Amino acid sequence: MNPLRIKSLDAILATAEKKSLHRSLGPVQLTLLGIGAVIGTGIFVLTAAAAQKAGPGMMISFIIAGAVCAVAALCYSELASMVPVAGSAYTYSYAVMGEMVAWLVGWALILEYALGASAVAVGWSGHIVGFLDDIGIHIPHALTVGPPISIGFIKGGEIGGVLNLPAVIITGIVTLLLVIGTKESATANAVLVAIKIAALLLFIVLTLPLVTGHMENFSPFTPRGWGNPLDGTGTGVLGAAASIFFAYVGFDAVSTAAEETRNPQRNVPIGLIASLGICTVFYILVATGVIGSFGAQPLTDPATGQYFADGSTELYASAACQAAHAPLVCSKEALAHVLREVNSNPLFGNLIGLAATIALPSVVLLMMFGQTRVFFVMARDGLLPKGLSAVHTTFKTPWVITLVTGVVVAIAAAFLPVGSLADYSNAGTLFAFAAVSLGVMILRFTDKTRNRPFKTPLLWIIAPLSIFGCVLLFVSLGTESKQVFFGWTAIGLVLYFAYGFWHSNVRKGIIEDHENDADLPPPPGTT
């Protein structure tokens with residue numbers, strides 16, 4: 001009757017040892033893998049939300065978020081190299097801190113992946129709507145955003161909105177692809193990565209030369225200050241960093257590739273730091289181009305003098321956002337919007353919008369794949385009903401979980417704005433990363449002799465810094481996001497003690513390595 005019971009690390013490793021992968025990845029491949037996984041909706045869309053929270057100071061926010069990701073990634077890599085199996089942070093926590101903590105981490109990962117996928121779907125919607133509008137195809141406003149809603153502490157939507165139909169459609173398409181097992185090839189994945197990088201390079205080349213003539217756009221640099229983690233507004237440089245953290249999520253793809261890496265002790269940290277460093281430089285250059293060429297000052301309500309909340313109904317309904325040349329903070333396709341405004345030829349803005357339209361659906365697919373994998377492992381462990389882990393007899397995919405995930409992602413994407421979805425997702429991610437960092441330190445005491453293909457350097461400095469950084473960004477989120485996280489956690493605890501605690505395989509003494517289980521297909525882009 002112990003909710004802190006652990007799942008034997010040896011039992012978890014049994015499958016991985018039987019299915020060890022060929023070690024072929026070097027530092028260059030890992031770096032490219034990390035860049036491809038990281039660059040997505042965060043930079044293409046959330047730049048507008050960050051500008052409303054921090055103004056030009058969002059440049060510092062990118063650095064802070066990247067630094068927290070770097071130390072968290074080094075901790076993540078050690079456990080990923082020790083336990084290279086499905087389930088991510090959930091599996092690691094089960095082996096180190098016990099079943100209840102593992103449940104909470106898995107439950108938080110559901111928040112990360114599902115709402116992260118919703119955020120990307122909404123980001124894609126903004127780009128496809130803007131792109132179609134510029135080529136003369138207009139989708140009614142009512143079908144591009146949800147209605148104004150206020151359910152408890154969850155708020156979103158815009159005046160005149162009904163639902164975000166493009167976001168629902170792309171979610172439905174991705175769900176279907178995951179059910180039938182269709183996956184993009186490694187070559188197609190590489191092409192999509194190249195498209196995203198080319199789009200950012202185009203933006204940088206076109207906007208940076210305009211900076212020198214518009215230095216006034218950088219003043220005031222921090223119009224909303226550094227932010228107070230305790231005031232609940234989620235604004236200022238720290239508040240923007242907590243949101244921008246979403247722009248770096250995906251770096252764990254490098255960590256989880258440790259089993260396929262030559263000399264992981266050397267190459268994993270190189271791949272992690274290099275990919276995060278390159279992405280951070282990209283992001284700072286993009287932010288500099290945005291601010292210098294067009295401006296990124298937050299909007300205030302003329303009637304009250306108070307700053308609008310980012311993504312709020314009031315912001316989008318303001319006169320400034322309804323004007324023909326709306327400021328950055330009003331845009332749902334930030335980079336494309338900037339290029340259309342500062343360049344006389346709309347072609348370049350349209351190319352940025354087209355690049356995001358083509359590339360972002362693969363990010364939705366990867367996030368929903370991660371969600372189904374965590375669900376699958378939790379159900380297989382008995383913490384969720386076994387029926388959820390059912391594998392389709394024809395497609396060999398976890399079709400029940402995939403359909404459930406698709407419905408949840410579609411509902412969230414239909415009614416909530418991208419900034420709110422990203423913040424909710426970040427809350428779950430930060431909790432999971434802090435738990436992993438704590439787990440690394442615990443394992444150094446409880447399992448000193450375990451083989452570690454990669455060991456976190458300066459662990460007793462790096463791991464506490466990771467935990468501190470995750471906690472700092474978590475408390476810097478707005479009150480609404482923290483309430484969603486704690487409400488989600490409370491629901492999770494009720495479900496755990498109502499079902500998972502009693503049906504757990506560990507409680508029943510069932511030790512399995514699942515060698516004979518039907519395997520899920522590999523992650524998209526890996527074959």
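**Entry 1: helices α4 and α10**

At what angle do the axes of helix α4 and helix α10 cross? I looked this up first, bearing in mind that the model is predicted. The axes of α4 (residues 47-54) and α10 (residues 236-244) cross at roughly 165 degrees and come within 8 Å. Angles over 145 degrees count as roughly antiparallel, and α4 and α10 are therefore roughly antiparallel to each other. I noted that their crossing is right-handed.

I then listed the residues that make this contact. Helix α4 contributes Ala50, Lys53 and Ala54, while α10 contributes Gly236, Val237, Gly239, Ala240, Ser243 and Ile244. By type, the residues of the contact of α4 with α10 comprise 5 nonpolar, 3 polar and 1 charged.

**Entry 2: helices α5 and α10**

How many degrees is the angle at which α5 and α10 pack? I found about 55 degrees for helix α5 (residues 58-82) against α10, with the axes 8 Å apart. The crossing of α5 and α10 is right-handed.

On the α5 side I recorded Met58, Ile60, Ser61, Phe62, Ile64 and Ala65, which meet Val237, Leu238, Ala240, Ala241 and Ile244 of α10. The residues of this contact divide into 10 nonpolar, 1 polar and no charged.

**Entry 3: the whole chain and its core**

I next turned to the chain as a whole. It has 20 helices and 2 strands. Of its 527 residues, 58% count as buried. I also looked up how far apart in sequence the partners of a contact are. Among contacts between residues at least 6 apart in sequence, 80% join residues at least 24 apart.

Which residues have the most contacts inside the largest nonpolar core? I found Ile43, Phe44, Met58, Tyr248, Phe251, Tyr283 and Leu335 in a core of 155 residues. Helix α7 (residues 99-134) provides the largest share of this core, 22 residues.

Not counting residues up to four places away in sequence, Ile43 touches Phe62, Leu200, Ala247, Tyr283, Val286 and Leu335.

Is Leu115 buried or exposed? I first located Leu115 in helix α7. Its relative accessible area is 12%, and buried means under 20%, so Leu115 is buried. Leaving aside neighbours within four places in sequence, I found Leu115 in contact with Ile110, Ala412, Leu421, Tyr424 and Ser425. I also noted that the C-alpha atoms of Leu115 and Ala422 are separated by 7.0 Å, although these residues are 307 residues apart along the chain.

Thr372 is in helix α16 (residues 347-380). Its relative accessibility is 4%, so Thr372 counts as buried. I recorded contacts of Thr372 with Ile401, Thr402 and Thr405, leaving aside neighbours within four places in sequence.

With a relative accessible area of 14%, Lys482 is buried. Leaving aside neighbours within four places in sequence, its contacts are Pro229, Phe474, Val475 and Leu477. The C-alpha atoms of Lys482 and Gly428 are separated by 9.6 Å, and the two residues are 54 residues apart along the chain.

Definitions and conventions:
Residues are numbered from 1 along each chain as its sequence is written. This is a predicted model: local features need pLDDT of at least 70, side-chain atom pairs count only at pLDDT 80 or more; totals for chains, interfaces and linings use all residues. Side-chain values use heavy atoms; hydrogens and water are left out. Axes are lines fitted to C-alpha atoms, for helices over the stretch in contact, and angles run from 0 to 180 degrees between N-to-C directions. Helices (H or I, at least four residues) and strands (E, at least two) are DSSP runs, numbered from the N terminus. Angles under 35 degrees count as roughly parallel, over 145 as roughly antiparallel, 65 to 115 as roughly perpendicular and the rest as oblique. A crossing is left-handed if the near helix is turned anticlockwise from the far one by less than a right angle, and right-handed if clockwise. Contact means heavy atoms within 4.5 Å. Ala, Val, Leu, Ile, Met, Phe, Trp, Tyr, Cys and Pro count as nonpolar, Asp, Glu, Lys and Arg as charged, and the others, Gly among them, as polar. A nonpolar core is a set of buried Ala, Val, Leu, Ile, Met, Phe, Trp, Tyr and Cys residues joined through side-chain atoms within 4.5 Å. Buried means under 20% relative accessible area, exposed over 50%, partly exposed in between (1.4 Å probe, protein chains only).
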